[in-house]
Amino acid sequence: MRIVSLGVVLFAFWLALSGHYTVRLVVFGLNCTVLCVAVARRMRALAEESHPVHLIGGAVTYLPWLIWEIIKSAWAVVKIILNPKLPISPTMTVVDASQRTRIGVYVYANSITLTPGTITTAVDGNKLTVHALVGDGADDLEAGGMDARVTQFEGEA
């Protein structure tokens, strides 16, 4: 399954970047794709973490939610920046990740960093050290809403 999905993704990416669809170039792209997949298989680079096709189902609901969270956080940061008093209260906090796999913890850490106003500064096992621009951002993370969403996205291990 991973081999086929990697081949499809690579070939679609090649087609998108190529912009030329003559038979000769498409066959060349197909050959390059097969070669890349063969090398990846030989290198054993098709592990669950490097090509997580099992997460595609959860991504359908998680990615729109994450995009909305990014938009809301960006708006909150814009309001802080435009406020003449600049009401920031930088906070460092440690949050526990309830995910069962390393990829789940990494998705959680990257989701925090993608959200404006927060950044994951360290990952130690299932403990994430996070810097938040305001205390409310740290409080939201400690409440566990994003953690629960990432755990739902991760699905069954």
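Biologist: How many cavities of 30 Å³ or more does a search of the whole structure find?

Modeller: Keep in mind that this is a predicted model. Rolling a probe the size of a water molecule over the atoms shows where empty space is left. For cavities of 30 Å³ or more, the search of the whole structure gives a count of 1.

Biologist: Which elements give two or more residues to the lining of the largest cavity?

Modeller: The space in the largest cavity is about 40 Å³. Its lining consists of Gly 58, Thr 61, Tyr 62, Arg 149, Gln 152 and Phe 153, which divide into 2 nonpolar, 3 polar and 1 charged. The elements that give two or more residues to this lining are helix 3 and helix 6.

Biologist: Which element provides the largest share of the lining of the largest pocket?

Modeller: The largest pocket has a volume of about 490 Å³. It is lined by 21 residues, and Ser 73, Thr 115, Asp 136, Gly 137 and Asp 140 are the closest to its centre. Two or more lining residues come from each of helix 3, helix 5 (135–143) and helix 6 (145–154). The largest share, 7 residues, is that of helix 3.

Biologist: How many residues of the lining of the largest pocket are charged?

Modeller: The lining of the largest pocket can be split by residue class.

Biologist: Is Ser 111 buried or exposed?

Modeller: Ser 111 is found in helix 4. Beyond residues up to four places away in sequence, Ser 111 touches Tyr 62, Leu 66, Met 146 and Val 150. The cut-off for buried is under 20% relative accessible area. Because its relative accessibility is 2%, Ser 111 counts as buried.

Biologist: What is the radius of gyration of the chain, and what does the globule rule give?

Modeller: The chain has 6 helices and 3 strands, and from the N terminus its elements run α-α-α-β-α-β-β-α-α. For 157 residues the radius of gyration is well over the value from the globule rule, so the chain is more spread out than a compact globule. Its C-alpha trace spans about 65 × 35 × 25 Å along the principal axes. The two values are 20 Å for the chain and 15 Å from the rule.

Biologist: What share of the contacts with a separation of 6 or more is between residues 24 or more positions apart?

Modeller: Of the 157 residues of the chain, 33% count as buried. Among contacts in the chain with a separation of 6 or more, the share from residues 24 or more positions apart is 68%.

Definitions and conventions
Residues numbered from 1 in each chain as written. Predicted model: local features only at pLDDT ≥ 70, side-chain atom pairs only at ≥ 80, totals over all residues. Heavy atoms only, no water. 1 Å grid on protein atoms, 1.4 Å probe; cavity = no way out; pocket = protein on both sides within 12 Å on 5 of 7 lines; lining within 4 Å. Points joined across faces, edges and corners; volume = space filled by probe spheres on them. Helix = DSSP H or I, 4+ residues; strand = E, 2+ residues; numbered from the N terminus. Nonpolar A, V, L, I, M, F, W, Y, C, P; charged D, E, K, R; others polar. Rg over C-alpha atoms; globule rule 2.2 N^0.38 Å. Buried < 20%, exposed > 50% of the residue type's maximum accessible area, 1.4 Å probe, protein only. Contact = heavy atoms within 4.5 Å.
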